[in-house]
Amino acid sequence: MKDAPRVVSLQLLEGESREHLTPFGAMTQSPWVGSDLSAIPATSAFGLLARLVRLNVLAPRDLFANFGLRLRRADDLSEVMTFSRARQAALAKALGLAEIPHEWNLSNWFPFRTHAELLRDPWSFRYCPVCLATGFHTLLHQLPWFHQCPWHGCALRTQCPQCHAPTATQADWVVDANLRCRICGHDMLVTERAIAATSLAPKGARAFLETYLAWVAEQRAEALLLVPDAPSGSHAALADLVGMQKTGVVSRWNRNVAKVESLQAHQVEVLDELESFRRLDVLHQERPGFLQVPNLMRRAIAKVACNLALKLPPHTLTDREMRLFLAGLGIEVPKGFQPAHREYSGSVSMLPPTSVAGQQYLNLTCLHPSTYRAAIRLVDVAINNSLAMGYHGQVSPNEAHLVLQACRAILCRGYAEGLRSVLSRHVPELYGMSRDRPHLSQPWVIVILENSDLSAVRVVWRPIARVNSGEADVLDQADAANRRRQRAAARGRTRKRP
Ligand SMILES: [Zn+2]
Ligand SMILES: [Zn+2]
């Protein structure tokens, strides 16, 4: 076993230029073969460790003795080295680095502020076969919005390229054979090639990585990701969101539009928007029940119910139910309407928005909570941002307009999907309607805060995972979970009282 390496801290002599130092951290002294970080720009902590293990013929038990890394044999070394800051700190210290390299932090590879843990569920080591053969792995290869290695053009993999067995990255490798397939013996890291490449990064990698990391840092300064409470399909959602960001398919709020509005119209609108925010506040509750629909959204919500009712096959709604579905838009039941041959259903009649004393109420149990929670979170971001900017929570008219437009779009889609799902219990024919087939999805929202203003909102919808249950059951389960949260919140309140 080798002696533990001496800890060397990087110090610049006075007057010495920093320019020749690479942004990927430098290494002055290390007893390890292959530890020169300048040869492997923006390497991942796992990639570096795998390389050191192979080139220095280390055994799993050497991890603790040499790098202070205490691991169980079943631990996925690639996962631990990506998410454990303590382990990263231990490795950096053992290698004499002044600090944990910036590129070991997965969050620094994202173009929006969020928890990198989103990629942990499920986590699998992903790599470029050509890069890894030379002992090079970077977190760029883990990002779901990259499908190919930017330098070699080959598909990124999570399995053995020969036999397709999952790549074994547990801390229980056979000495001199880490990253070698245990099924077919294919070597994913080739010692000779790694030694030959000790002073050679993939062609173009350094410039690409520097440009990429600078771009994401710039994007992160403005973009904030609002993740659903129970996210499903994170990898695909993130890939879609970044795809939108890269291609610039962004509906940016055009400030010039508001400027040409007359002052009078402007003031009326502001009042309406404040009232809208007040009404949406009910969405903060654990189980909100009914939403008094803001005036700005009434027509859009009514249209959702109306559009669906007019599309349904004959004999699916009773005459009275049909009237309720069309009432929001003031439409009469069309001539030739063929009513269902069944009793009027109270639960179906609760699905369209209800009018009471000139106000419209929407039954929120037919929306998946992840939709209305996204809407209220968006409102909160706008209000908190204006608080942070010293505007006392006064959201500017432009921002309020943008937020309410986005909330309307989110609630309408959540309602349209929920409505089909609940209705499918009474109208199974819905499953035969291709575009209107019941399905549930959840919104992933990116908020752009530009020069202290909320300037754009982007939404990506991804399917909600469901296991052996219908869409209506998923909504029932969500409602049951809301009830539990409501009870827990009530207990919390009682306890707090003196
Ligand atoms: Zn590659
Ligand atoms: Zn294999």
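Is cysteine 184 buried, partly exposed or exposed? Cysteine 184 is partly exposed, its relative accessible area being 37%, where buried means under 20% relative accessible area, exposed over 50% and partly exposed in between, with a 1.4 Å probe and protein chains only.

This is a predicted model, in which local features need pLDDT of at least 70 and side-chain atom pairs count only at pLDDT 80 or more, while totals for chains, interfaces and linings use all residues; side-chain values use heavy atoms, with hydrogens and water left out. Residues are numbered from 1 along each chain as its sequence is written, and chains are lettered from A and ligands numbered from 1 in the order in which they are written.

**Overall composition**

- The chain contains 16 helices and 6 strands; helices (H or I, at least four residues) and strands (E, at least two) are DSSP runs, numbered from the N terminus.
- Of its 498 residues, 48% count as buried.
- Among contacts between residues at least 6 apart in sequence, 68% join residues at least 24 apart, a contact meaning heavy atoms within 4.5 Å.

**Zinc ion (ligand 2)**

- Cys160 (SG), Cys163 (SG), Cys181 (SG) and Cys184 (SG) are the protein donors of this ion and lie 2.3 Å from it. Donors are N, O and S atoms within 2.8 Å of the metal (3.2 Å for Na, K and Ca); water is not among the atoms, so sites may look incomplete.
- The site is tetrahedral, with angles of 103 to 114 degrees among its 4 donor atoms. Four donors count as tetrahedral if all angles lie between 85 and 135 degrees. For reference, the ideal angle for four tetrahedral donors is 109.5 degrees.
- Along the chain, the donors of the zinc ion (ligand 2) follow the spacing C-x2-C-x17-C-x2-C.
- Cysteine 163 and cysteine 184 both lie in the loop between helix 5 (129-133) and helix 6 (191-196), so the pair ties together parts that are 21 residues apart in sequence.
- Cysteine 163 is partly exposed, with a relative accessible area of 28%.

- Cysteine 128 is buried at 1% relative accessible area, and cysteine 131 is buried at 0%.

**Other cysteines**

- The structure holds 0 disulfides, a disulfide being a pair of cysteine sulfur atoms within 2.5 Å.
- Cysteine 407 is buried, with a relative accessible area of 0%.

**Sheet with strand order 1-5-6**

- This open sheet of 3 strands has antiparallel pairing; two strands pair if DSSP finds at least two bridges between them.
- Strand 1 (223-226) and strand 6 (453-463) are the edge strands, each pairing on one side only.
- Neighbouring strands of this sheet are turned by 20 degrees against each other on average, direction ignored. Axes are lines fitted to C-alpha atoms, for helices over the stretch in contact, and angles run from 0 to 180 degrees between N-to-C directions.
- Strand 5 (residues 441-450) and strand 6 run antiparallel and are joined by 10 bridges; the partner of isoleucine 446 in strand 6 is arginine 458.
- Helix 15 (residues 397-423) packs on the sheet and touches strand 5 and strand 6, its direction making about 10 degrees with that of strand 6.

**Sheet with strand order 2-4-3**

- The 3 strands of this open sheet also pair antiparallel.
- Strand 2 (290-292) and strand 3 stand at the edges with a single partner strand each, so one side of each is left without a neighbour in the sheet.
- Strand 2 pairs with strand 4 over 3 bridges, and leucine 291 has leucine 362 in strand 4 as its bridge partner.

**Backbone geometry**

- The peptide bond from aspartate 121 to proline 122 is cis, with omega near 0 degrees; proline 122 lies in the loop between helix 4 (85-94) and helix 5.
- Alanine 357, although not a glycine, has a positive phi of about 50 degrees. Alanine 357 lies in the loop between strand 3 (354-356) and strand 4 (359-363) and is exposed at 78% relative accessible area.
- Asparagine 468 also has a positive phi of about 50 degrees without being a glycine. Asparagine 468 is found between strand 6 and helix 16 (471-496), in the loop, and is exposed at 81%.

Technical notes:
Four donors count as tetrahedral if all angles lie between 85 and 135 degrees; four count as square planar and six as octahedral if opposite donors are over 155 degrees apart and all others between 65 and 115; anything else is irregular.
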